[in-house]
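Please consult the sequence and the structure shown below.

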Amino acid sequence: MFLWSHLWFLAYLLIFNLVTFPILLRISSQIIQKITTFINSHLVYLPMVIFSGIMATFGSQWPLFVNGQTLTNDWGYFTYNLFAFIIGYLLFLDQRLGKTINSKLRWWMSLFLGSSVIRLVLLGQYQLEGFYGGSQLGRHLVCSIVTGVHTWSAIAFFLALAHRYLENTNTDFLIYMKKASLPFYILHYPITIILGTYIKPLGLGVLPEFLLLSVLTIIITTLAYEFLVKPWPVAQSLLGLK
């Protein structure tokens with residue numbers, strides 16, 4: 001069945017842009033400066049507190065990751081990602097935030113790895129619905145805190161890691177993928193679904209199926225981009241390229 005599955009975020013990003021940009025563009029640079037200065041002073045824990053608070057409140061009524069991304073009855077996940085979107089906007093505006101994040105790579109790594117282990121243990125104990133559902137207050141608060149720490153430490157860790165090892169790197173592959181990443185993301189989903197429809201009945205087993213599906217998806221997606229998207233301006237525009 002063709003559903004938007006993990007292409008959901010394109011629709012969410014469109015809504016985030018439509019909702020926030022008219023507001024953010026009207027906020028004076030002085031106010032933005034004060035906001036980013038405050039955030040920069042509390043950058044280690046403030047986003048964790050906000051992510052945890054969103055899950056503890058909105059997530060109790062609209063559990064994250066449980067009912068899928070519907071845009072209409074998904075205010076927990078919507079608000080959670082909206083905050084991440086705003087943080088990204090502020091990071092783009094004020095380089096001080098990025099410098100603070102980049103200076104704490106080991107701290108972010110420790111938090112990310114530690115919270116990842118705890119989150120996996122809790123997920124294994126309570127399963128998806130039990131982890132994100134708000135039926136038991138104490139458990140829900142613990143899972144909210146762990147999720148908030150994990151989310152922010154993951155974002156900060158990978159940003160700092162990319163800065164450390166990719167900031168001054170300009171390989172042919174990175175240059176290629178800067179432009180191709182969004183078309184690849186959009187194209188690979190229908191290609192994966194179509195391939196999976198024919199590979200699954202072969203009964204190859206989980207690992208062979210995964211490897212075959214992955215390799216064929218990469219090859220066909222690359223060919224589709226090279227011959228159906230890259231040479232044609234209209235196709236490029238439809239897939240988000242300038």
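What percentage of the 242 residues of the chain count as buried? The share is 36%, where buried means under 20% relative accessible area, exposed over 50% and partly exposed in between, with a 1.4 Å probe and protein chains only.

## Basis of the model

This is a predicted model in which local features need pLDDT of at least 70 and side-chain atom pairs count only at pLDDT 80 or more, while totals for chains, interfaces and linings use all residues. Residues are numbered from 1 along each chain as its sequence is written, and side-chain values use heavy atoms, with hydrogens and water left out.

## Fold

The chain contains 10 helices and zero strands; these are DSSP runs numbered from the N terminus, helices being H or I of at least four residues and strands E of at least two. The C-alpha trace spans about 50 × 45 × 35 Å along its principal axes.

Contacts are heavy atoms within 4.5 Å. Of those with a separation of 6 or more, 73% join residues 24 or more positions apart.

## Surface

The chain exposes about 14800 Å², of which carbon and sulfur atoms supply 71%; accessible areas come from the Shrake-Rupley method with a 1.4 Å probe, and for residues only the protein chains shown count as cover.

Leu223 lies in helix H9, residues 206–229. Leu223 counts as partly exposed because its relative accessibility is 46%.

## Charges

The chain has 14 positive and 7 negative charges, whose mean positions are 11 Å apart. Lys and Arg count as positive and Asp and Glu as negative, without His and the chain ends; each charge is placed at NZ of Lys, CZ of Arg, CG of Asp or CD of Glu.
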